[in-house]
Structure formats: structure tokens, C-alpha cells
Amino acid sequence: MKNLSHLFEKNRVWAASIKERDPEFFSDLSKQQAPEILWIGCSDSRVPANQIIDLPPGEVFVHRNIANVVVHTDLNCLSVIHFAVDVLKVKHIIICGHYDCGGIRAAMEDMELGLIDNWLRHIKDVGRFHAEKLAVLDGQEKQDLLCELNVLEQVRNVSNTTIVKNARKNGAELSIHGWVYSIKNGILKDLCIDNTSCEES
Ligand code: CO
């Protein structure tokens, strides 16, 4: 069996390079984390949260699953949101989808993949909610729009959690952003779903 010693080697080089620039980096970080951002994104290996927005360890609290879905009864995702909002007091929740998402494509093309089909039902529901808008498109355009609409729906789902509603009721400053990332050029697009948080035109 091939071991993964090369990864430990890469890890040592990485840790040493950070310590060279900032000798106290890890000891400071070990005392606390105070990220201002909760990132909810896709598990896709091409969409790594910290790297895309070029932020170091300690800056982003992260939850990822297939097709960046926030399900009302998903205790895993809800626990992450709860901890981020109530304990870490993050100021921003970013739902980041991406174009050419395999989960979105599988849901759109009705592919049969097994267990994951049940998870992707949530994406099919998004397609059903927006059937009229999607019906006039096909191919790549349709898939791209479904990626965006999925982000829109997940922003709604996050906003409707008791966690976010109660935090806002108690005066928390919390912006929820809907973004889409292009794996073709590495560029993020703000869907400007939350009027208070449009980053680009
Ligand atoms: Co994806």
C-alpha cells in the first residue's frame, strides 16, 4: 500500500514557510479563533474556500457538502451555522456555489448515482421552484442558471433558520451573501442577493 509520506513532507515545508514569515503565527492561532466569515460551499476539490479568497488559517469557518445545500433538518450544517453565529459571532455568511458543479449537473440530467440521488433531490426541488425560468434555456445556460438559483435558495434557507432569525432579532450584524465561483477562470461573482452586501456590479 502506497503511503502518503509526501503529504507530511509538504505539510512540514508549508508550516516552516509560515513560521519563517511570522514566528508566532501558530502559537497565536492556537489560543483562539475569531473568524468573521462562515463559508458554506461545495465539496468539489476545485473550490477550496481559503485559497479562493486568499485568506490564511483562522479567517474562515467552513462547511462544505455536495452542491452547497442548506437543508432545514441537516444537523451537521445547522450545528456549524449555530456555532459560527452564536459562539464565534461571524459577521458574514457566504453561500458559494460554482459553475460546472457535478451535483447540479447530475440533478439536472436526472442521472442515477445511488445514495447521493436523495441528497440531490434538494437541487431538483430548486429546479421545480424555478421551472418557468429554466424551461426557456438549455445546455450550459440552463445549468449555470440552476447553479445560481441554487445559491439563491440556500441563502433563503440560511436566512430562515431559527439561528439567523434569532440572531438578527437580538441585533446581530449579519450579512448573508450568495456567490458563484467559476472553475474556468478562478473568478467569484456576487449574485447580490442580499441588497446590503453587493460586492461588485
Ligand atoms: Co459542486
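Does I183 count as buried, partly exposed or exposed, and why? At 23% relative accessibility, I183 counts as partly exposed. Here buried means under 20% relative accessible area, exposed means over 50%, and partly exposed lies in between (1.4 Å probe, protein chains only).

The model is predicted: local features need pLDDT of at least 70, side-chain atom pairs count only at pLDDT 80 or more, and totals for chains, interfaces and linings use all residues. Residues are numbered from 1 along each chain as its sequence is written, and side-chain values use heavy atoms, with hydrogens and water left out.

I183 sits in the loop between β4 (175-181) and β5 (188-190). Helices (H or I, at least four residues) and strands (E, at least two) are DSSP runs, numbered from the N terminus. Residues up to four places away in sequence aside, I183 touches R46, V47, H98, Y99 and D100. Contact means heavy atoms within 4.5 Å. I183 and I66 are 117 residues apart in sequence. In space, their C-alpha atoms are 16 Å apart.

H98 also belongs to the metal site. The cobalt ion is coordinated by C42 (SG), H98 (NE2) and C101 (SG), at 2.0 to 2.3 Å. Donors are N, O and S atoms within 2.8 Å of the metal (3.2 Å for Na, K and Ca); water is not among the atoms, so sites may look incomplete. Along the chain, the donors follow the spacing C-x55-H-x2-C. The pair C42 and C101 links distant parts of the chain, 59 residues apart. C42 is in strand β1, and C101 is in the loop between β3 and α5 (102-108). Both C42 and C101 are buried.

Helix α4 (residues 75-87) has 13 residues. At 1.5 Å a residue, α4 should span 18 Å; its end C-alpha atoms are 17 Å apart, which agrees. The expected span is 1.5 Å times one less than the number of residues. The buried residues of α4 are C77, L78, V80, I81, A84 and V85. Seen down the helix axis, they fall within an arc of 160°, so they line one face of α4. The arc is that of the directions from the axis to the C-beta atoms. Elements covering these residues include β1 (37-42), β2 (60-65), β3 (92-98), α8 (139-159) and α9 (162-169). Just after α4, K89 takes a positive phi of about 60°.

The protein chain is divided into domain 1 (1-31) and domain 2 (34-195). These bounds come from an automatic or database domain assignment. The domain centres, taken over C-alpha atoms, are separated by 30 Å.
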